[in-house]
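Have a go at each one before reading on.

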Amino acid sequence: MPDLLIELFSEEIPARMQGRAGADLKKLVTDGLVEAGLTYASAQAFSTPRRLALTVEGLTAESPTVTEERKGPRTDAPEKALAGFLRSTGLTKDQLEARDDKKGQVWFARITKQGRPAAEIVAEVLETSIRTFPWPKSMRWGNGSLRWVRPLHSILCVLNDEHGSTVVPLTVDGIVAGNTTCGHRFLAPGPFAVTGFDDYVSGLKRAHVVLDPAERAEAIWHDATTSAFAQGLEVVEDKGLLAEVAGLVEWPVVLMGEIGADFLGLPPEVLKTSMKEHQKFFSVRNPKTGRIEKFVTVANMVTVDNGATILAGNQKVLSARLSDARFFWENDLRVAKAGMQPWLEALDKVTFQNKLGSQKARIDRIAALAREIAPLVGADPDTAEKAAQVAKADLSSEMVYEFPELQGTMGRYYAEAAGLSPEIAAAAEEHYSPLGPSDDVPTAPISVAVALADKLDTLAGFWAIDEKPTGSKDPFALRRAALGVIRLLNQNGVRLDLARHVAAQIVRATHAAGETLAEEETMDLLNEIADHGVFGAAFEAVKERRSGVPSSEFLDLKNAVPSACDDLLGFFHDRLKVHLRDEGIRHDVIDACLAMPGNDDLMLLAKRAAALSDFLKTEDGGNLLQGFKRANNILTQAEEADGVSYEYGPDRKFAETDEERALFDALDAGESAISTAIEAEDFASAMASMASLRAPIDAFFEAVQVNTDNGIVRRNRLNLLHSIRETCLKVADLRCVEG
């Protein structure tokens with residue numbers, strides 16, 4: 001069975017495209033081979049800045065001959081129908097066979113597709129793959145019609161078996177496939193021939209090309225960390241940068257350079273970001289001081305002076321870049337030490353979203369919400385409000401304008417320079433977190449208050465203007481914001497009346513969205529929401545107090561705000577389901593808890609779901625669930641058949657068996673214990689009390705016939721089943737849980 005080797009050799013492929021391109025080449029070729037009838041044992045793709053390579057091992061030598069039978073029209077069908085069938089099969093009428101069918105005689109065709117050699121199939125598949133390759137961006141060059149990411153120079157395509165190596169005959173846009181490739185552009189530019197994959201890899205190594213990007217990355221990291229360790233330093237880990245740099249070189253040569261002493265006073269984040277974004281340098285840190293003192297660059301060239309000339313050029317460019325960064329830093333520090341007021345005023349002219357006003361208006365909304373949330377997270381309201389007001393001031397700074405990824409980080413430095421408290425400075429940096437599932441969650445009370453306010457304002461604002469995620473589209477990262485709220489609440493144990501705060505923020509956002517809602521009406525409504533905690537009651541109170549005065553815009557809020565609140569709460573619930581499923585809690589268990597009152601308290605909801613999930617994994621939990629479902633099914637069927645509800649309390653005097661009386665006792669004790677535990681929000685104890693019902697319920701169903709002929713006893717037993725249902729439903733709606 002032959003092995004296949006393909007190489008597409010071109011000008012430099014952007015590093016960000018190489019990994020995807022390798023995967024696309026593998027999929028296009030292997031899918032095409034399989035579709036044509038060939039099988040293979042394994043396939044692996046590789047990429048360097050100048051080449052995509054694919055090796056396919058254990059390829060079948062030819063596709064099998066396949067015969068298929070196809071049913072056609074009836075023998076007495078119109079000639080046009082028969083002609084169409086013949087065209088689709090490629091046969092003539094005398095090659096068809098007439099057979100009896102249910103509705104008469106029908107034409108059948110036997111179509112034989114002869115097997116083809118692998119080389120013929122590979123040529124077709126590879127040409128199609130090249131011409132339809134899904135590059136994010138591509139170009140044409142010369143007079144040809146072929147499009148590729150950069151000009152394609154050569155195609156290597158060989159089949160290798162025990163009899164030797166053969167070139168697959170293929171020509172694409174004037175490029176004839178062969179068995180030769182080229183090495184490193186400068187160190188070994190000449191062509192050389194290969195016979196198979198092993199020969200190809202070793203030949204590239206001799207020509208100063210490391211084919212495997214993982215091998216290049218490993219070599220870069222090993223040489224960089226070894227060099228830093230020898231000087232008592234450490235390389236700042238950056239996996240993304242490592243992958244990118246590995247895609248920029250074919251023969252990595254690690255060099256370590258110095259950062260000018262004039263720049264060592266810059267914040268380490270500034271040095272790291274500037275070197276990474278502009279130069280693709282790794283930062284080298286002194287572990288004793290935390291300062292970044294040197295850098296690592298990766299050259300694609302071995303020089304006679306061991307890289308001294310390369311380093312000199314890099315250091316010269318780096319000095320120019322860092323001079324700019326130092327200029328920004330010094331200018332920003334002057335503004336920060338003066339109180340940052342110019343930055344805050346400038347944000348009034350920066351649009352956050354065209355329907356939601358400026359960044360300054362948004363900051364005011366966040367500050368108001370942070371003040372409301374502060375007592376719930378153990379933070380001082382005045383401090384939380386102040387922190388929210390300055391948290392985004394750095395957006396106007398020169399440094400963040402140059403490096404947007406430093407927002408928040410620079411906010412902390414500038415808040416410290418302004419003489420603000422450490423809590424406020426920390427909030428400026430931490431209020432953006434968590435940005436993703438791997439990001440840490442803030443725990444400092446001020447940071448938590450501002451982070452929650454920031455994310456809730458974003459969500460409420462976009463819901464107020466009906467800009468919600470649709471399908472896979474989420475341009476404003478609203479799913480991430482909702483998940484951030486969930487993690488902030490759960491990991492900090494924060495109890496939050498989400499509906500109340502969301503309603504208030506939607507009112508604020510509606511006012512900011514250019515509506516003609518009067519300022520006085522807005523403030524009156526917000527004050528009432530703060531007092532009542534429920535939008536409906538707040539709205540009616542303001543409406544009654546302002547009888548005859550409310551504007552039509554105010555009256556429109558009656559339905560608009562509750563609708564947006566309910567929809568946003570449903571969005572939170574969907575995100576919570578995803579979050580809890582990742583923690584091993586089943587969707588039906590979550591649904592059972594969502595059906596309970598107070599489901600806008602996400603922390604309490606998660607706590608209840610976790611307790612129920614743990615309970616149902618026990619033997620008692622599983623058996624009790626079955627007992628509950630049996631009681632519920634019998635009761636539901638009886639109520640539907642009789643047209644009545646058996647909701648009256650069962651009477652112990654009608655109990656005929658010891659099992660009935662034992663169940664009465666267990667329900668009396670269990671209901672009291674469960675209610676006490678639920679009131680205390682001790683769901684683990686509530687589940688334990690519910691577990692005590694398992695044995696008496698099992699015994700009841702084993703010994704007692706519910707639908708007895710005695711009508712009084714039957715009604716009493718159905719009322720007893722109702723007691724079982726109501727007692728169990730105090731914990732969660734077990735009707736939602738799958739059996």
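**Exercise 1.** Is D238 buried or exposed, and which residue forms a salt bridge with D238?

*Solution.* This is a predicted model, so take the values as computed from it.
- Start with accessibility: D238 comes out at 12%. Buried means under 20%, so D238 counts as buried.
- Next, look for the partner: K276 forms a salt bridge with D238, with the closest N and O atoms 3.0 Å apart.
- Now place the two: K276 is in helix α7 (residues 268-279), while D238 is in the loop between β13 and α6, so the bridge ties together parts 38 residues apart in sequence.
- Finally, K276 counts as partly exposed, at 26% relative accessibility.

**Exercise 2.** Work out what parts of the chain the salt bridge of R412 and E269 links.

*Solution.* 
- Check the contact: the N to O distance is 3.3 Å, and the side chains meet in a salt bridge.
- Locate the ends: R412 belongs to helix α13 (residues 409-417) and E269 to helix α7, so to speak distant parts of the chain, 143 residues apart.
- Compare with accessibility: R412 is buried at 17%, whereas E269 is partly exposed at 22%.

**Exercise 3.** Classify the ring pair of F46 and F197.

*Solution.* 
- The whole structure holds 13 aromatic pairs. In this one, the ring centres are 5.5 Å apart and the planes meet at 20°, so the pair is stacked.
- F46 sits in strand β2 and F197 in helix α4, so parts 151 residues apart in sequence get tied together.
- F46 is buried at 7%; F197 is partly exposed at 21%.

Notes: Residues are numbered from 1 along each chain as its sequence is written. This is a predicted model: local features need pLDDT of at least 70, side-chain atom pairs count only at pLDDT 80 or more; totals for chains, interfaces and linings use all residues. Side-chain values use heavy atoms; hydrogens and water are left out. Rings of Phe, Tyr and Trp (its six-membered ring) pair if their centres lie within 6.5 Å; planes under 30 degrees apart count as stacked, over 60 as edge-to-face and the rest as tilted. Helices (H or I, at least four residues) and strands (E, at least two) are DSSP runs, numbered from the N terminus. Buried means under 20% relative accessible area, exposed over 50%, partly exposed in between (1.4 Å probe, protein chains only). A salt bridge is a side-chain nitrogen of Lys or Arg within 4 Å of a carboxyl oxygen of Asp or Glu.
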